[in-house]
Amino acid sequence: KDANPDFAFFVNDHTFVLPNHLCQFLREHDSSKDTYAGHALKGKGESAFNSGAAGYVLSRSTMEKLIKEWDDPKSKCSAANASKWLQGNPGILTAQCFGEVLNIPVVDTRDKRDLSHKFHAYGIIRTVTGKVDEWYLNKHETLDNIFGVDTKYHHRPQQGAKCCSIRTISFHYVEAGESLAFWEVMQTVRRSPLMSDGEIKELMNKIWPRDKEGLGGYSHRLPGPHLAVWDDIIQVIRKISVGAAPPSC
C-alpha cells in the first residue's frame with residue numbers, strides 16, 4: 001500500500017525517541033513547506049548536515065524533491081554519481097543534495113527559551129555530563145556563520161541540567177536494555193510527579209543496565225551514588241518526563 005506521510009523521521013535503530021515530543025515538534029511545521037530539521041553540525045569546508053545519530057525530520061515537500069533528484073541519473077544527489085565514501089554515508093550525501101542542489105538549509109532547532117538542544121547524539125548520561133567526543137563539539141564551531149552569532153554558547157551543547165530542552169526528542173547510543181529502563185523511569189515520574197529525588201535515583205539504580213550488553217559500547221554507566229551530577233540527571237529526567245505520554249499524533 002502506498003504511503004504519503006506528512007513527515008518522516010530518519011533515525012538509527014539504537015536512538016531513543018520521545019514520540020509525544022516529536023509530535024509536538026511536527027505540529028509546529030507545515031508538511032507542504034521544506035523542512036530538514038535535527039541537530040545541525042558543520043565541519044570546516046563541509047556542507048552543513050543534521051546528525052543521523054540524533055535523527056532528522058523531512059517534510060513531504062522535501063521528500064518529494066529529494067526523490068525526484070534520486071530518480072534523475074544525472075543528478076549530483078544520485079548515489080551512482082557519488083564517491084564510495086559518500087555512498088557509505090547517505091546522510092552526508094543527502095545533506096549535500098539539500099545544500100548544493102535543492103537549497104534546503106539546516107535549521108536551528110534549539111529551545112528558544114534557554115538554547116538547550118532537542119535532538120541529542122549521545123545517551124542521557126553522556127549528554128548531561130558533557131563527556132562527548134571532541135570531534136562532535138568541534139562541528140558546532142562554524143554554526144555561528146549559518147544561524148547567526150550565539151555569543152553565549154556558540155551553538156555548542158550545554159552540560160548539566162541545561163543540556164536538554166523540556167521538549168527533548170531523541171538520545172542516541174541507547175541500546176535495548178537502557179531504552180526499556182529509560183522509558184520505565186520517565187513513565188513512572190510522569191505518573192508520580194511528587195516522587196522525591198531519592199526515589200527517582202533508587203529506581204534508576206534498580207532497573208538501569210550496568211553491563212556492556214545492556215548499555216552498548218558507547219553509553220556510559222550511571223554515576224557513583226555520591227556524585228553531584230545526580231542532581232542534574234534527576235532534574236533532566238523530571239523535565240523531559242512531563243510531556244512523555246504516549247504519542248498524540
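**Figure 1. Helix α4 gives the most to the lining of the largest pocket, 5 residues.** The model is predicted: local features need pLDDT of at least 70, side-chain atom pairs count only at pLDDT 80 or more, and totals for chains, interfaces and linings use all residues. Residues are numbered from 1 along each chain as its sequence is written, and side-chain values use heavy atoms, with hydrogens and water left out. The volume of the largest pocket is about 480 Å³. Its lining comprises 24 residues, with F49, G52, N89, G91 and I92 nearest the centre. Elements giving two or more residues to this lining are β5 (49–50), α4 (90–102) and α6 (134–138). The lining has 12 nonpolar, 10 polar and 2 charged residues. Pockets and cavities are found on a 1 Å grid over the protein atoms alone: in a cavity a 1.4 Å probe fits but cannot get out, while a pocket is an open set with protein on both sides within 12 Å along at least five of seven lines; lining residues have an atom within 4 Å of a point. Grid points are joined across faces, edges and corners, and a volume is the space filled by probe spheres set on the points. Elements are DSSP runs numbered from the N terminus (helices H or I, at least four residues; strands E, at least two). Ala, Val, Leu, Ile, Met, Phe, Trp, Tyr, Cys and Pro count as nonpolar, Asp, Glu, Lys and Arg as charged, and the others, Gly among them, as polar.

**Figure 2. The second largest pocket holds about 160 Å³ of space.** Its lining has 13 residues, and G130, V132, L137, P157 and Q158 are the closest to its centre. Helices α5 (124–129) and α6 each supply at least two lining residues. By class, the lining splits into 6 nonpolar, 5 polar and 2 charged.

**Figure 3. The whole structure contains 1 cavity of 30 Å³ or more.** The largest cavity has a volume of about 60 Å³. G38, H39, A40, V107, D108, T109, R110, H117, L143, F147 and H155 form its lining. Of these lining residues, 4 are nonpolar, 5 polar and 2 charged.

**Figure 4. Helix α2 (residues 60–70) packs on α4 at about 90 degrees, with the axes 11 Å apart.** The two helices are therefore roughly perpendicular. Axes are lines fitted to C-alpha atoms, for helices over the stretch in contact, and angles run from 0 to 180 degrees between N-to-C directions. Angles under 35 degrees count as roughly parallel, over 145 as roughly antiparallel, 65 to 115 as roughly perpendicular and the rest as oblique. T62, K65, L66, E69 and W70 of α2 meet T94, C97, F98, V101 and L102 of α4. Contact means heavy atoms within 4.5 Å. The contact residues are 6 nonpolar, 2 polar and 2 charged.

**Figure 5. Helices α9 (residues 197–207) and α11 (residues 229–241) cross at roughly 90 degrees, their axes coming within 10 Å.** Helix α9 is therefore roughly perpendicular to α11. From α9, the contact takes D197, I200, K201, M204 and N205; from α11, W230, I233, I234, I237 and R238. These residues divide into 6 nonpolar, 1 polar and 3 charged.

**Figure 6. There are 13 aromatic pairs.** The ring centres of F25 and F119 lie 5.5 Å apart and the planes meet at 85 degrees, so this pair is edge-to-face. F25 belongs to helix α1 (residues 19–27) and F119 to the loop between α4 and α5, so the pair ties together parts 94 residues apart in sequence. Rings of Phe, Tyr and Trp (its six-membered ring) pair if their centres lie within 6.5 Å; planes under 30 degrees apart count as stacked, over 60 as edge-to-face and the rest as tilted.
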